[in-house]
Amino acid sequence: MDASSCASDAADLAGRVLGALRGSGGAGLADFLDSCADPTAGLGAVRLVGADVFLPHVVLNHPLTPRDAEVVAASFEVFPPITEPVAPAQRVMAWHDWSTVSVLARLTGDVPVTSPADPDAVLGPVRDWVRWSGAVAQLSALAQPGATGPVVDAVVAQPLALCRGAVRTVLRRDFATASRMARWVALAHAGGARLPVDPVLLVEHVEPRVGAEPRRLLDLAVARHLVEAA
């Protein structure tokens, strides 16, 4: 499998999800996989996009077909999840995978899955808010409407550190990361947290500067939905 093909397919899949949220198309996983020149790269893309593949179902209540559920299951068969994460990147991926499986279980009525470990292991101490917010940004797929779980609870419980991290990315003109942080700020806002940053203004500032990368536009689309639904 070519890594560039996987990345390209992930961008295509994210674009399909974004189109579905905007009402301009579907995001069927089986149809997506059928369109991939390399099915293995396509399954890798499903793993990369993670729980965001379910956004049309979570946000718009689109039904999840058995074939689409099978695609997600197949992605974990081809690319087995990390069971004993040690390195920071492995811990991030373990939580990323957990969120995917958790949303799948919720949509299919399966038994909820056990979370990987203490969220502090992946987030680090909040007093080191720069590194903490960096880990938060990497876990943006966990910030979905109605999201729950140890990492979500830990992040939204620290609105000051969260907003500091978001503002820092904007000041550094790192708008790709800012789009991920905006999503978390919007989730905290939707949960009723008192924030020193206006999530609407944050999204409006980042959106024209983030470029055309579908996964980052998807982050902002989720952030807008969370703000509007609050």
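**Entry 1: Arg16 and its partner**

I looked up arginine 16 and found it partly exposed, with a relative accessible area of 24%. I am working on a predicted model. Arginine 16 meets aspartate 12 in a salt bridge, side chain to side chain, at 3.5 Å from N to O. I checked aspartate 12 as well: at 32% relative accessibility, aspartate 12 counts as partly exposed.

**Entry 2: Other salt bridges**

I searched the whole structure and got 9 salt bridges. I picked out arginine 183 with aspartate 52, at 2.5 Å from N to O. This pair links distant parts of the chain. Arginine 183 sits in helix α11, while aspartate 52 sits in the loop between α3 (39-49) and α4, 131 residues apart. Buried or exposed? I checked arginine 183 and aspartate 52. Both arginine 183 and aspartate 52 are buried. I then traced a network of salt bridges that links Asp52, Arg183, Glu213, Arg216 and Asp219.

Next I took glutamate 207 and arginine 224, whose side chains meet in a salt bridge at 2.8 Å, N to O. That pair also links distant parts of the chain, 17 residues apart. Glutamate 207 is in the loop between α12 (199-206) and α13, and arginine 224 is in helix α13. Glutamate 207 counts as partly exposed, at 28% relative accessibility. For arginine 224 I also read 28%, again partly exposed.

**Entry 3: α1 against α13**

I turned to helix α1 (residues 3-21) and helix α13 (residues 214-229). They pack at an angle of about 30°, with axes 8 Å apart. The cut-off for roughly parallel is under 35 degrees, so α1 is roughly parallel to α13. The crossing of α1 past α13 is left-handed. From α1, the contact uses Ala10, Ala11, Ala14, Gly15, Val17, Leu18 and Leu21. From α13, I listed Pro214, Arg215, Leu217, Leu218 and Ala221. I sorted the residues of this contact of α1 with α13 by class: 10 nonpolar, 1 polar and 1 charged.

**Entry 4: α8 against α10**

On the α8 side I found Trp129, Val130, Trp132, Ser133 and Val136. They meet Ala161, Leu162, Arg164, Gly165 and Arg168 in α10. The contact of α8 with α10 divides into 6 nonpolar, 2 polar and 2 charged residues.

**Entry 5: Positive phi**

Most residues other than glycine have a negative phi. Asparagine 61 lies in the loop between α4 (55-60) and α5 (66-78). Asparagine 61 is exposed, with a relative accessible area of 65%. Arginine 173 has a positive phi of about 60° and is not a glycine either. I placed arginine 173 in the loop between α10 and α11 (175-190). Arginine 173 is exposed, at a relative accessible area of 59%.

**Entry 6: Thr100**

I finished on threonine 100 in helix α6 (residues 88-108). Threonine 100 is buried, with a relative accessible area of 3%. What does threonine 100 touch, not counting residues up to four places away in sequence? I found Gly50, Ala51, Phe54, Val72 and Phe76.

Note on methods
Residues numbered from 1 in each chain as written. Predicted model: local features only at pLDDT ≥ 70, side-chain atom pairs only at ≥ 80, totals over all residues. Heavy atoms only, no water. Axes fitted to C-alpha atoms, helices over the stretch in contact; angles between N-to-C directions. Helix = DSSP H or I, 4+ residues; strand = E, 2+ residues; numbered from the N terminus. Parallel < 35°, antiparallel > 145°, perpendicular 65-115°, else oblique. Left-handed = near helix turned anticlockwise from the far one by under 90°. Contact = heavy atoms within 4.5 Å. Nonpolar A, V, L, I, M, F, W, Y, C, P; charged D, E, K, R; others polar. Buried < 20%, exposed > 50% of the residue type's maximum accessible area, 1.4 Å probe, protein only. Salt bridge = Lys/Arg side-chain N within 4 Å of Asp/Glu carboxyl O.
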